[in-house]
Each structure stands twice: as C-alpha cells, then as structure tokens.
Amino acid sequence: MSTPTDSIMHLLQFTDSTFPVGTFSFSNGLETAAFENIVTDAASLREFTESQARQAAFTDGVAAIHAHRAFMNSDYELAAEADRALFRFKMNAEARLMLQRMGKKFAELASHLFESELISKWLEDIKANVVPGTFPVAQGLAYAAAGVNERDLFCAHQYGVINMVLSAALRIVRVSHYDTQKILFDLAKQTDEFYTQAASMELKDMNAFFPQLDIIASLHEKGNMRMFMN
C-alpha cells in the first residue's frame, strides 16, 4: 500500500514532462491552429487552451475517473467500458491515434511498475485489439494503483492537457515562458469546478462541443506541416 508521501512522488513522476509516454510528440491540434492563424499570441493561446481543457474535462476526465473507480472496485468491465466509450467519443482519427499510442505506452509502463491482474489483463486486451487502450483510462488505472486519489488524478489529467498545448506553443507560437506559465497558473483555478461536475457524470453523460478542433484535425491530416504528429 502506498503512503501519502509515496502517492505524491508517484503523482509527480507521472506528470513529469520526461515521463516516457510520448506527450512531447503531440500538440493537441495547436500546430494546425497556429499554421491557420487561429492561435497567434498569448490571448488566443489562452482561449484555445481553455477550450481544450474544458472539453477534455468532460470526456477524457470522466473516463479517467471511472477507470480509477474500476480499479478501486476490481471492476474490469467498467474499465473496459470506459475505454470503449471514450474511443467512440473521439470523432477524428488523429485524436484516436494520440490516445491509443500514449495509452498503450502507459499501460506497458504500468504493468512493469505494479503487480496488478487488472492492469495486466487490460494490456493483454489492448494487444489483442479487444479494447482500444486510451490514455485517460491508463491514467485512471495507474494512478489508482499508485495510491493517488480520484481528485488528484483529475488534476493531473487537466495539467497534462494544458501543459501539452503550452509546451508545444513555446515552439510554434510567438509567446514566452512568462505567457505560458501565466496561462497555466490561471487555468488551474477552474479545475475544482470541472472535477465537481465530472465526478458526478456517468459515461453516457460525456459531452464536449469543440467543432473547431475536429476541423483543425481534418486540415492537419491533409496538410504538409509536420512538426508534431497531432
């Protein structure tokens, strides 16, 4: 069993930018948004990042919470259901690719870190194409196994979404470290409200309205800009 100190250390480990699941390879749509002059400065970056965090909270975040609960209750079917539900919710191919690549890598790491029949079975089913293996579900299972509570899991999930966009922004948008850190600091204030809503939602209640992101993804699939995979 993890102690409070252990769980904090695991939380820091899993949210570190060097944690090898491939987050550095994706921009979460920012690459095309910058290329199309949708995101050009700190103000537009803030709006884009806030929209990303909001839609992720009520889709990916909900799936992660249910995966966490599935692990705590030894309910593999709930974990698999959350995995499939989230995958069906993603409309564009690049979003699915991002979640699957990062999810499988996290599952492989988790299987080495934890002695868990549930995680081992999930990884086997990923390899057999029985479940898609999405990253938020991997987060939910691994964080639960590490003794990280549900609220802290959600915070880590939101941090990851926001930081992925902002880290990419430093390479492709005319913003400074001061700009990105201010955005990250300010957007943290909405996390508690998002968690309260997401924690009360069933999988069937997942919702997001960010059509621009799917349009951006379709442009990226046909475009030639390739600093990032997404």
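## A walk through the helices

Click on M9: this residue is exposed, with a relative accessible area of 54%. Keep in mind as you go that the model is predicted. You'll find M9 in helix α1, which covers residues 4–15.

In soluble globular proteins, nonpolar side chains tend to be buried together. To see that kind of grouping here, select F106, W122 and L141. In the largest nonpolar core, which has 52 residues, these three touch the most other members.

Zoom in on W122. What does W122 touch, leaving out residues up to four places away in sequence? Its contacts include Y76, D83, G103, V131 and L141.

**Along α6**

Next, select α6. This helix has 21 residues and reaches 30 Å from its first C-alpha to its last, close to the 30 Å expected at 1.5 Å a residue. Which residues of α6 are buried? They are E94, A95, M98, L99, M102, G103, F106, A107 and A110.

Stay on α6 and show the side chains of K105 and E108. They form a salt bridge, with the closest N and O atoms 3.5 Å apart. The two residues are three apart in the helix, so about one helical turn separates them. K105 is partly exposed at 35% relative accessible area, and E108 is also partly exposed, at 23%.

Hop to α7, where D125 and K121 sit four residues apart, about one turn of the helix. Their side chains meet in a salt bridge at 3.7 Å, N to O. Is D125 buried or exposed? With 12% relative accessibility, D125 counts as buried, while K121 is partly exposed at 38%.

Now pick R151 and D192, whose salt bridge spans 2.5 Å, N to O. R151 is in α9 and D192 is in α11, so this pair ties together parts that are 41 residues apart in sequence. For a last stop, select R46, K182, D186 and K189: salt bridges with shared partners join these four into one network.

Technical notes:
Residues are numbered from 1 along each chain as its sequence is written. This is a predicted model: local features need pLDDT of at least 70, side-chain atom pairs count only at pLDDT 80 or more; totals for chains, interfaces and linings use all residues. Side-chain values use heavy atoms; hydrogens and water are left out. A nonpolar core is a set of buried Ala, Val, Leu, Ile, Met, Phe, Trp, Tyr and Cys residues joined through side-chain atoms within 4.5 Å. Buried means under 20% relative accessible area, exposed over 50%, partly exposed in between (1.4 Å probe, protein chains only). Contact means heavy atoms within 4.5 Å. The expected span of a helix is 1.5 Å times one less than its number of residues.
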